[in-house]
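Please open the structure in your viewer and keep the sequence panel beside it. The tour below moves from stop to stop, saying at each one what to select and what is there.

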Amino acid sequence: MAKDLEQEIPLRGNSKAIHSADIENNPLTTAATRASLAPKVYKKWSPWLIVLVVVANIVMFFITMYVNNCPKYSLSCVATSLGRFSFQPFKENPLLGPTSTTLQKMGALDVNKVVHHHQGWRLISCIWLHGGVFHLLANMLSLLIIGIRLEREFGFVKIGLLYMIAGLGGSLMSALFVRSSISVGASGAVFGLLGAMLSELIINWTIYRNKISSLIMLILIVVINLGVGILPHVDNFAHIGGFISGFFLGFVFLIRPQFGWISQKYLQPGYSPDVPRRKYKIYQCALWIISLVILIVGFAVALILLFKGVDANAKCSWCHYLSCVPTSRWSCNTQPVYCTSEQTGDQLNLTCPSNGKSKTYFMPNLTESQIRGLCTQLCG
């Protein structure tokens, strides 16, 4: 995806982003101005916020693994040489990460706790947590590729706000549809940046060259990434919610003045244009207003429905297919794992109702966390 974005989506501030003909053939600019106008049109920023966000996510993952402490609470771990930073068994967490209990403790999105225990902060905290090393790497690489590009063009304030609001939008969509399991990850916010790239191309349409090919390539990238979300154990509702939020936020935050308005600043002394250029085109203003209204109404309605405890699946019987499509190779069952147990001395008998498997363990003094881990492996 990195190559696609770099080759097909033109940058601003170079010959591909600004109509060079507007500079070369514009009678309103002097020769000296023509030579210096292009680099001054749009300010370039030094990206640092996105890098800081990536570092913060990595630090949070280390803290989560420290709290998880697999050797103390589980009977078997992956990469035991890492000590308390070792990972849960693959059957329990194939992403190389902590238990779901640890993630819940650290602030994972749990609808029950958000609605009934007034822990709305989980809508934000879940954005900074990841289910495992693979999950973290995928999100952070995507964030670096997309985020640094956008921050360089639009600055840390706009991209920082866009990232957080889109992440909240992804959490809200997830909370309305994913009712029986927890959710973590920055992918909703990352998809928000991807959505903003698409809307930015649309609202600043006139300053691009190769705009049709750029639009097709961006749409293709979005479709492929959302398509991956129909696999099991992927919260595609967070992806969709983040993308939709970011798409409309892009119209609000990433609007650019048209080139003709900027060029008026470089008029020769005493020259006055017959028809002064507007800062923004009419279609840009219309998209800005419509998007702002949609965002305000959409977030307000989503928050009201969430805290009223509304299950969006009851209103949309087919929507669950947007997040997972069942096949003969996998199931989309997201019900919490549980086992029936019977303890006789040092003998523990576990039965997993979901698959009918039973197993006997001869281990003394098992903790509740260890029993839960054995149950997860048995039902996996």
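How far apart are the end C-alpha atoms of helix 15 (residues 282-307), and what span should its 26 residues have? The model before you is a predicted one, in which local features need pLDDT of at least 70 and side-chain atom pairs count only at pLDDT 80 or more, while totals for chains, interfaces and linings use all residues. Residues are numbered from 1 along each chain as its sequence is written, and side-chain values use heavy atoms, with hydrogens and water left out.

**Helix 15**

Select residues 282-307: at 1.5 Å a residue this helix should span 38 Å, and its end C-alpha atoms are 38 Å apart, which agrees. Here the expected span is 1.5 Å times one less than the number of residues, and helices are DSSP runs (H or I, at least four residues), as strands are (E, at least two), numbered from the N terminus. Next colour Gln 284, Ser 291, Leu 295, Phe 299, Ala 302 and Leu 306, the buried residues of helix 15; buried means under 20% relative accessible area, exposed over 50%, and partly exposed in between (1.4 Å probe, protein chains only). These buried residues pack against several helices, including helix 10 (156-177), helix 11 (187-203) and helix 13 (236-253), where contact means heavy atoms within 4.5 Å. After helix 15 comes Gly 309, whose phi is positive, near 80 degrees.

**Segments named in the record**

An unreviewed UniProt entry places the feature "transmembrane region" at several spans, among them 160-178, 237-255 and 285-307; UniProt positions are given in the numbering used here, feature names are shortened, and annotations may be inferred rather than shown by experiment. Select residues 160-178, whose end C-alpha atoms lie 26 Å apart and whose span is 95% helix and 0% strand, and then residues 237-255, with end C-alpha atoms 27 Å apart and a span that is 89% helix and 0% strand.

**Aromatic rings**

A search of the whole structure finds nine aromatic pairs, where rings of Phe, Tyr and Trp (its six-membered ring) pair if their centres lie within 6.5 Å, and planes under 30 degrees apart count as stacked, over 60 as edge-to-face and the rest as tilted. Show Phe 62 and Phe 85: their ring centres are 6.2 Å apart and their planes are at 70 degrees, so the pair is edge-to-face. Phe 62 lies in helix 4 (residues 49-68) and Phe 85 in the loop between helix 5 (70-73) and helix 6 (100-106), so the pair ties together parts that are 23 residues apart in sequence. The charged end of Arg 84 sits over the ring of Tyr 66, 3.6 Å from its centre (NZ of Lys or CZ of Arg within 6 Å of the ring centre and within 35 degrees of the ring normal).

**Cysteines**

Finish with the two disulfides, a disulfide being a pair of cysteine sulfur atoms within 2.5 Å. One joins Cys 70 to Cys 77, S to S 2.0 Å, and the torsion about its S-S bond is about -105 degrees, so this disulfide is left-handed. Cys 316 and Cys 319 form a disulfide with sulfur atoms 1.9 Å apart, and their link, with 80 degrees about the S-S bond, is right-handed.
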